[in-house]
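Hi,

Here is the structure I promised to pass on. Have a look at it first, and then read my notes below.

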Amino acid sequence: LLVSKDLGKHLLEVEDLLQKHGLLEADISAQTERVQALNAAALKFSELEGYQPCDPQIICNRVSHVQTCLEELEELAAKRRKELEDSRQLWTFFQEMEEAEAWIREKEKILAAKSCGRDLSSVVTLTNKHKTMLGELGNRRALLHQTMKKGEKILAKKSFSSVGIQEKMREVCLRWKKLEEVTGLHQQRLEDAMNFFQFSAETDDLVAWLQDAYRIVSSDDFGHDDYSSQALLRKHRAVVDEVEKHRGAVASLRRQLALLAPGHRQGVDVQIRVVEVEQLYGEVVEVAVLRTQWLQDALAVYRMFSEVHACEVWLDEKEQWLQKMDVPEELDEVEVVQHRFESLDQEMNSVMGRILDVNQVVQQLVEGGHPSSDEVRSCQDHLNSRWNRVVELVEDKKSQLSSVLKIQNFLLEC
């Protein structure tokens, strides 16, 4: 049993042989105690005085022979245990290498799919799985390093043929190196896909914002009075500020596109998408400028109407006063009325300046092609007509006063 050359053909068989050898070692240990006891008892016969049933030398020789056989048996048992343990170490090495190869094959199959996701969410999921695999790769690398050290120790002992061990180590090392290369390439593909889908998502968000902005700046609501037009103009200016803030994001699309992987940035769809965003932004800016002008024109119209109303109120008041006023014949009363006309002249100068401003605003609106040009011009004509009528009334009353003064002065001289 102890000189057997059967060291097992795989790990389980070696483990079985070691278990059987352990039983044999236990049997030898038990027999050792029995042999030692028998030898001790036999040596007593070699020490007897007087009658000796056997030659003492024969007894000593017999005891020595048995002890030598026992020691040889123990040496054989120790030698076989070492051989079996070396065999177990060898087959443990091969099993660990096979497990490493199986793990490599499994990961190669996963990486061979080359799936990088269809959208940002799936890429994030795959990236997280890849990070988990990188952690497993690190742990497996450490285990493989330990197994390689075991192989080197086995080679150093020179107990077995080095050909199979070296071949297995070289084969696994090559496959591991290839796996790490493929893993690195897959990680790069995932990063490229992540950058592309992030770029696409940011572009989609930008397009959605620009579409909302276009809807707002293209509104045909310009208010119904001075207050509402001012409120709309303030809101519009806030939107214009936001549009201007997004100019940098639109301008950076080209730079972001240039940073994408060639397979992504050279796609026709993504290039068209960038052009569409740039065009949409240009349209938003253009329409925003037009709406600013339209709101300012609407505000100018409402302010003009307000100014016209104020002027007409004043004209109504003065027209009624002039129509009802009778030119007095007494000198004292004439002088009082004359002073009133002097004050009226000052007011008329002020009102005339306001009416000139109204005319200037109307001219600007008409020349700018304002949609309410006809209404504005009609309002202007009506105001100017009222002004001219009041001016005529004032001149008529002044003429009457002048005539009365001349008569009064003539009478005084007489």
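Into which domains is the protein divided? There are domain 1 (11–191), domain 2 (194–296) and domain 3 (300–413), with the bounds coming from an automatic or database domain assignment. Between the C-alpha centres of domain 1 and domain 3 the distance is 119 Å.

Before you go further, a word on the ground rules. This is a predicted model, in which local features need pLDDT of at least 70 and side-chain atom pairs count only at pLDDT 80 or more, while totals for chains, interfaces and linings use all residues. Residues are numbered from 1 along each chain as its sequence is written, and side-chain values use heavy atoms, with hydrogens and water left out.

Salt bridges

I'll start with the charged pairs. A salt bridge here is a side-chain nitrogen of Lys or Arg within 4 Å of a carboxyl oxygen of Asp or Glu. Searching the whole structure that way gives 25 salt bridges.

One of them joins K20 and D16, with 3.5 Å between the closest N and O atoms. Both sit in helix α1, and because they are 4 residues apart, about one helical turn separates K20 from D16. (Helices are DSSP runs of H or I with at least four residues, strands are runs of E with at least two, and both are numbered from the N terminus.) D16 has a relative accessible area of 35%, so it is partly exposed. For that label and its relatives: buried means under 20% relative accessible area, exposed means over 50%, and partly exposed is in between, with a 1.4 Å probe and protein chains only.

The next pair is D86 and K157, whose side chains meet in a salt bridge at 3.4 Å, N to O. This one links distant parts of the chain, since D86 is in helix α2 and K157 in helix α3 (residues 120–157), 71 residues apart. The D86 end is buried at 9% relative accessible area, whereas K157 is partly exposed at 42%.

E101 and K168 make another salt bridge, their closest N and O atoms being 3.0 Å apart. Again distant parts of the chain are linked: E101 belongs to helix α2 and K168 to helix α4 (residues 162–217), 67 residues apart. Is E101 buried or exposed? It counts as buried, because its relative accessibility is 5%. K168 counts as buried too, at 16%. Elsewhere, salt bridges that share partners tie D316, E319, R386 and R389 into one network.

Surface patches

Patches are built from residues with over 30% relative accessible area and no salt bridge, joining like charges within 9 Å and nonpolar side chains (Val, Leu, Ile, Met, Phe, Trp, Tyr) within 5 Å. The areas come from the Shrake-Rupley method with a 1.4 Å probe, and for residues only the protein chains shown count as cover.

Which residues make the nonpolar patch of about 240 Å²? They are V3, L73 and L76. V3 comes from the segment before α1 (11–45), and its 58% relative accessibility is why it counts as exposed.

There is a negative patch as well, formed by E71, E72, E74 and E75. For charges, Lys and Arg count as positive and Asp and Glu as negative, while His and the chain ends are not counted; each charge is placed at NZ of Lys, CZ of Arg, CG of Asp or CD of Glu. E74 is part of helix α2 (residues 56–112) and is partly exposed at 35% relative accessible area.

A few C-alpha pairs are handy while you turn the model around. F93 is in helix α2 and counts as buried at 0% relative accessibility. From F93 to Q296 is 86 Å in space and 203 residues in sequence.

Helix α8 (residues 268–324) holds L290, which is partly exposed at 38%. The C-alpha atoms of L290 and V217 are 8.7 Å apart, although the two are 73 residues apart along the chain. V277 is also in helix α8, and it is buried with a relative accessible area of 1%. V277 and E333 lie 78 Å apart, C-alpha to C-alpha, and 56 residues apart in sequence.

Cheers
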